[in-house]
Amino acid sequence: MSKAVNAKNIKAEPTEQPAAVQNDDVKPAIQNAVWLLKEGNAAKLGKQTQGGSVGYQVLSDVDRLNIFITLTANVGGTGYFSRELVLYTKVQDCLRHVKPGEPFASKAFRQGLFTGRSSNDASFFAAVLHSLGLLKRAPETESQHVIAGAWDEWQKTMLSEAGRLIQITLPVPGTKPVQDDADGESLEPVETPKAAGKKRLKSPVPENAPAVDDVEPGNAHPE
């Protein structure tokens, strides 16, 4: 386990991930320093997505009080996803009603975590939690998950990592969420999103932030 590093006198390095997606109508304006504690690629969970993965980062605020997880890439796919920072405690809140060993679907992450409305967010995020050892496949239902690991200990371990101080670009407050089609790699049925109009950017970062039902073809609205 690496010893935590104090942010004082450390210059944050610029980075493109996670970055607010550029749009002709909305221009990103918030630069924020965060600790990059971990990054990697999580294998997609859908049966039709062999070889595909989801890029992610585990971040913390400069004071190392909160953990955030963000999706950064859809490797081997063309479906859109939300790049906003997801507060780890909100993830825990999503699953507080789930009993130990009780199977649940990816759609548990559709409400309360993302202000964006990408159809891929839930299953992509579930894939990341599998990669981090926080979820595993339900033994009798492969399309569902059960909670794994010690979540509080995982958070403490992440916050103790030395990490790297970086600069990220966050969405402008007050922008509207994006809605898109899904990525074509579904573990469970995905509701067909309603037709949307002009391309729009997702909402700002979650409250207190420092700053996959996968289906792929036919995306209508990029982030």
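Which elements of the protein have the lowest and the highest mean pLDDT?

## Confidence in the model

This is a predicted model. Strand β10 (residues 214-215) has the lowest mean pLDDT among the elements, at 40. Strand β3 (residues 53-60) has the highest, at 97. For the protein, the mean pLDDT is 74. Residues with a value of 70 or more make up 62%.

In residues 16-26 the pLDDT is below 50. The model still gives this stretch 32 contacts beyond near neighbours in sequence. In residues 184-223 the pLDDT also stays under 50. Here the model has 161 contacts beyond four places in sequence.

## Strands around β2

Start with strand β2, which covers residues 30-43. Which strands pair with β2? One of them is β8, and the pairing is antiparallel over seven bridges.

The charged end of Arg64 sits over the ring of Trp35. The distance from the charged end to the ring centre is 4.5 Å.

## Thr169 in β8

Now move to strand β8, residues 164-170, where Thr169 is found. Is Thr169 buried or exposed? The relative accessible area of Thr169 is 16%, so the residue counts as buried. The cut-off for buried is under 20%. The side chain of Thr169 makes a polar contact with the side chain of Gln31. This contact is 2.6 Å.

## The aromatic cluster

How many aromatic pairs does a search of the whole structure find? There are six. A pair of aromatic rings is described by the distance of the centres and the angle of the planes.

Take Phe104 and Phe109 as one case. Their ring centres are 6.1 Å apart. Their planes meet at 80 degrees, so the pair is edge-to-face.

Phe109 has a relative accessible area of 0%, so it is buried. Phe125 counts as buried because its relative accessibility is 1%. Ring pairs link Phe104, Phe109, Phe114 and Phe125 into a cluster.

## A glycine in a loop

Where does Gly133 lie? Look in the loop between α2 (121-131) and β6 (135-137). Gly133 is partly exposed, because its relative accessible area is 36%.

Ala150 gives another distance to check in the structure. Gly133 and Ala150 are 17 residues apart along the chain, and their C-alpha atoms are separated by 9.0 Å.

Terms used:
Residues numbered from 1 in each chain as written. Heavy atoms only, no water. pLDDT = per-residue confidence, 0-100. Helix = DSSP H or I, 4+ residues; strand = E, 2+ residues; numbered from the N terminus. Contact = heavy atoms within 4.5 Å. Buried < 20%, exposed > 50% of the residue type's maximum accessible area, 1.4 Å probe, protein only. Polar contact = N/O pair within 3.5 Å; in protein donor to acceptor, adjacent residues only side chain to side chain. Pairing = 2+ DSSP bridges. Phe/Tyr/Trp six-rings, centres within 6.5 Å; stacked < 30°, edge-to-face > 60°. Lys NZ or Arg CZ within 6 Å of the ring centre and 35° of its normal.
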